[in-house]
Amino acid sequence: MEPKPRDAALFTLTIFFFFLSISYSTSLRYQTLVLNPLSTTPHSLSWPESEPESLVSDSTVATTTLELHHLDSLSLNKTPEQLFHLRLQRDAFRVKALTSLAAVGNRSRARGAGFSSSVISGLAQGSGEYFTRIGVGTPPKYVYMVLDTGSDVVWVQCAPCRKCYSQVDPVFDPRKSRSFAGISCGSPLCQKLDSPGCNSRKTCLYQVSYGDGSFTTGDFSSETLTFRGTRVGRVALGCGHNNQGLFVGAAGLLGLGRGRLSFPSQTGRRFNRKFSYCLVDRSASSRPSSIVFGDPAVSRTARFTPLIANPKLDTFYYVELVGISVGGTAVPGISASFFKLDRTGNGGVIIDSGTSVTRLTRPAYNALRDAFRIGTSSLKRAPDFSLFDTCYDLSGKTEVKVPTVVLHFRGADVSLPATNYLIPVDSDGTFCFAFAGTMSGLSIVGNIQQQGFRVVYDLAGSRVGFSPRGCA
């Protein structure tokens, strides 16, 4: 019996696309991914805190480079798989909060001389944030604080606690600090808050909520922060007496956003409005890295892209993503229009230290994913995992070849290491493509894709840079 013309045409078309995909995949550029499963090696945390102190005044520019450590000491006896699930759970909360904030353009719902301080991967806590060790008050009491480019307000939990979540260090007591001072309700600093309050003593109150159920409220005050020897005085920060949320183990948050009350904005003249970080690899075997404030933060090898202003929201770091390449070939289904920030403040692309997995608008993600699948057609597929829909069973292998992935920003092409987009999700050899789609118009470049780069925030030059060898 002869095949029907329609069936024959369909068969011919299938064969055509099969050979087309083979031809496409063999012409792609590849790089080697050395396979390391989720780490099971516990790391202890050591951090010297008694060092000679120097005060950074408004008229001086100083510089200090500090070693960074991984915070595995806060792992809470969880398995790598449990930690990874918690991390993705926090990531979902984070993305929901950022996208809702960007949609309404309401900063009141957001979380908030050169020196550097220790940055630690939050994987051990199951969180998507990074942490640093900061001294609060005089004499300084050292605590872990979250670093967050998606927030502005600096805050720390304070005694007496009406409601506080659990933290590793003792809660900071402002009554024992010689440098702590309240801020009056009529102060310009108080008026910079999105939702300022005033108590019976006529001192300023603050409140910040994050859209994921987390919040902090208390006294808005002035205090000295110490970064392993470098003292920065008169930093406006929230002294939180009523706090709740997912800030696992950390005492507070150092807001690194673009808003008026963020740490870079407050200390702009002292550090020339420049900072950079190198986020450590999210495994326990990661090497040290750093955050640097001041002129030394700008790496000579960085490739820069201009910052874009959102008239509705000044916290986030918006950049222009114009395309993505897989295997050395531009993905045809992706155009700059997918990532455009419109005049009403909707859409766009932000760089964020607190989001783990990069989110792309759904059409862009689908095109990227499909191109990557063609380039990895020889690898054994595995079931979907959480938000990841492109996973592979690489058990028994020590390395594989994967197509290259390049993010094309305006003026800067950022070629990702293979470990930044094909990541282990368990200890059994399952690896997943570390991008995800979003129905929101906001795309977010997360910290998995930033690993190993020194990411430079040059606010004076209104630009963000990526240095592929900046962590050395």
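The lining of the second largest pocket divides into three nonpolar, five polar and six charged residues, where Ala, Val, Leu, Ile, Met, Phe, Trp, Tyr, Cys and Pro count as nonpolar, Asp, Glu, Lys and Arg as charged, and the others, Gly among them, as polar. This is a predicted model, in which local features need pLDDT of at least 70 and side-chain atom pairs count only at pLDDT 80 or more, while totals for chains, interfaces and linings use all residues. Residues are numbered from 1 along each chain as its sequence is written, and side-chain values use heavy atoms, with hydrogens and water left out.

The second largest pocket has a volume of about 260 Å³, and of the 14 residues that line it, Ser265, Gln266, Thr267, Arg269 and Arg270 are the closest to its centre. A pocket here is an open set of points on a 1 Å grid over the protein atoms alone, where a 1.4 Å probe fits, with protein on both sides within 12 Å along at least five of seven lines, and lining residues have an atom within 4 Å of a point. At least two lining residues come from each of strand S12 (230-244), helix H4 (263-266) and helix H5 (268-271); helices (H or I, at least four residues) and strands (E, at least two) are DSSP runs numbered from the N terminus.

Between H5 and S14 lies a loop that contains Asn272, a residue that has a positive phi of about 55° although it is not a glycine. Ser462, in the loop between S32 and strand S33 (463-467), likewise has a positive phi, near 50°. Most residues other than glycine have a negative phi, and most peptide bonds are trans. A cis peptide bond joins Thr138 and Pro139, with omega about -5°, and another joins Ala159 and Pro160, with omega about 0°. Pro139 is in the loop between strand S5 (130-136) and strand S6 (141-148), whereas Pro160 is in the loop between strand S7 (155-157) and strand S8 (181-182).

The aromatic rings come next. The structure holds 17 aromatic pairs, a pair being two rings of Phe, Tyr or Trp (its six-membered ring) whose centres lie within 6.5 Å, with planes under 30 degrees apart counted as stacked, over 60 as edge-to-face and the rest as tilted. Phe275 and Tyr457 form a stacked pair, at 4.7 Å centre to centre and 5° between the planes. This pair links distant parts of the chain, since Phe275 is in strand S14 (residues 274-278) and Tyr457 in strand S32 (residues 454-458), 182 residues apart. Both Phe275 and Tyr457 are buried, where buried means under 20% relative accessible area, exposed over 50% and partly exposed in between (1.4 Å probe, protein chains only). Phe316 and Tyr318 form a tilted pair, because their ring centres are 6.3 Å apart and their planes stand at 45°. Phe316 is buried at a relative accessible area of 2%, and Tyr318 at 1%. One aromatic cluster is formed by Phe227, Phe263, Phe271, Phe275, Tyr277, Phe293, Tyr317 and Tyr457.

Rings also meet charges. The charged end of Arg133 sits over the ring of Tyr144, 4.3 Å from its centre, and that of Arg381 over the ring of Tyr392, 5.8 Å from its centre; the criterion is that NZ of Lys or CZ of Arg is within 6 Å of the ring centre and within 35 degrees of the ring normal.

Methods: Grid points are joined across faces, edges and corners, and a volume is the space filled by probe spheres set on the points.
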